[in-house]
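Subject: Structure for you, with notes

Hello,

Here is the structure I promised. Please open it next to this email, and read the notes below with the model in view.

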Amino acid sequence: MESTRVDRWLWAVRLTKTRSDAAAACRGGHVRVNDRPAKPATTVSPGDEVRARIGDTTRIVEVVRVIQKRVGAVDASTCLIDRTPPPPPVVAAPVARRERGAGRPTKRERRVLDKFRTGEL
């Protein structure tokens, strides 16, 4: 077996939950094979690069082995090389906190807090 349909392969290697989800992603333009838009019947073979937008992330994988039947997760991971870049680090903004029991902020403290929240400080 040298090639198979892209929707079947995406389902077999567990990138999508169902084959119909994979076909819908292809029809919606969310799947590209070698930087070309892919229809569900587009064939993939070893060495091809598949870009699939699954949820909010774009997965970039290289086809290592072609399979048509859904297999276990361990076997499925040997059929592809994941080249998806890591997500950017999440920068947590500092939270303005007041001491418990300090009462309502004064007018001056309120101005400082507002400057802090808008990023002027």
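How far apart are the mean positions of the positive and negative charges of the protein? They are 7 Å apart, for 26 positive and 14 negative charges. Lys and Arg count as positive, Asp and Glu as negative; His and the chain ends are not counted. Each charge is placed at NZ of Lys, CZ of Arg, CG of Asp or CD of Glu.

Two notes on the source. This is a predicted model, where local features need pLDDT of at least 70, side-chain atom pairs count only at pLDDT 80 or more, and totals for chains, interfaces and linings use all residues. Residues are numbered from 1 along each chain as its sequence is written, and side-chain values use heavy atoms, with hydrogens and water left out.

Overall layout

The protein has four helices and seven strands. Both are DSSP runs, numbered from the N terminus: helices are H or I with at least four residues, strands are E with at least two. Along the sequence the pattern reads β-α-α-β-β-β-β-β-α-β-α. The radius of gyration is 24 Å, well over the 14 Å that the globule rule gives for 121 residues, so the protein is more spread out than a compact globule. That radius is taken over C-alpha atoms, and the rule is 2.2 Å times the number of residues to the power 0.38. The C-alpha trace spans about 75 × 30 × 25 Å along its principal axes.

Of the 121 residues, 25% count as buried. Buried means under 20% relative accessible area, exposed means over 50%, and partly exposed lies in between (1.4 Å probe, protein chains only). The accessible surface is about 8,800 Å², and carbon and sulfur atoms hold 51% of that. Areas come from the Shrake-Rupley method with a 1.4 Å probe; for residues, only the protein chains shown count as cover. Take the contacts with a separation of 6 or more: residues 24 or more positions apart account for 41% of them. Contact means heavy atoms within 4.5 Å.

The sheet

Which strands make up the open sheet, and in what order? There are five, in the order β3-β2-β5-β6-β7, with antiparallel pairing. The edge strands are β3 (36–37) and β7, and each pairs on one side only. Two strands pair if DSSP finds at least two bridges between them.

Start with β5 (residues 49–54) and β6 (residues 57–63). They run antiparallel and are joined by six bridges. Arg53 has Thr58 in β6 as its bridge partner. The two strands form a hairpin with two residues between them. Gly55 sits in that turn, with a positive phi of about 65 degrees.

Now the other side of the hairpin. β6 pairs with β7 (residues 80–82) over three bridges, again antiparallel. Here Val61 stands opposite Asp82 in β7. In a regular strand the side chains alternate between the two faces of the sheet.

Single residues to look at

Is Asp7 buried or exposed? Asp7 is buried, at 3% relative accessible area. Asp7 lies in helix α1 (residues 6–12). Beyond its neighbours within four places in sequence, Asp7 contacts Arg19, Ala22, Ala23 and Pro40.

Arg14 is in the loop between α1 and α2 (19–27) and is partly exposed, at 40%.

Pro88 is exposed, with a relative accessible area of 65%. Pro88 and Gly28 are 60 residues apart in sequence, and 26 Å apart from C-alpha to C-alpha.

Lys107 is in helix α4. Lys107 is exposed, at 65% relative accessibility.

Best wishes
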